[in-house]
Amino acid sequence: HRVAPTFTQLLQGKDVPRYKVPHHNRRECKEILTGLSPDLGVLGGTRIISRSILEIPPDGVLNSHPGLLPEVRGSASVAWSIYYDIPIGCTCHFIDPNIDTGDIVLKRIIPVHRGDTYELLCWKTLVMAGTLMTEAIGMWKRDTITRTPQGESQLPTFRVPPPEIMEEVTRKL
């Protein structure tokens, strides 16, 4: 499936500063971000961000999560959605210090069709995550963004599924 361009491809021919740090939660990153003074942080597909980094942008930090929140928090959202018979979808939300618990901005279900593969559904969530992030940033720019607190989830925060879970996911598809 077609994938999004890399960061390097997007910046080709543009005068955009680029910074490399050993780890996004370390002092070097905090100093760079503090110096840049961003109004809004925008993330997707990253590790846990420390509170000291999250507090730098005054408008918060947006994340695009390839799963429906609060139902499917953590990793491998598509697999766990299939395993637990939860609709597959994406959520754009503000990050707070916990894992995938921040206020929701946008949320959308992805239809599943007979013959869809696990890989195709993962790809669809990545495309939808980018779409939701684009919409959320537009809402932020127009000052029309809304924040809806999440409810509790009856399920745990998920980790990478073991092989026996993936076998069941494949069987269900």
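Predicted model: local features only at pLDDT ≥ 70, side-chain atom pairs only at ≥ 80, totals over all residues.
Local features need pLDDT of at least 70 and side-chain atom pairs 80 or more, while totals for chains, interfaces and linings use all residues. Residues are numbered from 1 along each chain as its sequence is written, and side-chain values use heavy atoms, without hydrogens or water.

Start with the largest pocket. A pocket is an open set of points on a 1 Å grid over the protein atoms alone, where a 1.4 Å probe fits, with protein on both sides within 12 Å along at least five of seven lines; lining residues have an atom within 4 Å of a point. The lining has 39 residues, and Phe 7, Gly 41, Val 42, Leu 43 and Gly 44 lie nearest the centre.

Now the aromatic rings. The whole structure holds five aromatic pairs. Rings of Phe, Tyr and Trp (its six-membered ring) pair if their centres lie within 6.5 Å; planes under 30 degrees apart are stacked, over 60 edge-to-face, the rest tilted. Trp 80 and Tyr 83 have ring centres 5.8 Å apart and planes at 85°, so they pair edge-to-face. Tyr 83 and Tyr 84 are also edge-to-face, because their planes stand at 85°, with centres 5.0 Å apart. Ring pairs link Trp 80, Tyr 83, Tyr 84 and Phe 158 into a cluster.

Two charges sit over rings (NZ of Lys or CZ of Arg within 6 Å of the ring centre and within 35 degrees of the ring normal). Lys 172 lies over the face of Tyr 83, 5.9 Å from the ring centre. The charged end of Arg 147 sits over Phe 94, 3.7 Å from the ring centre.
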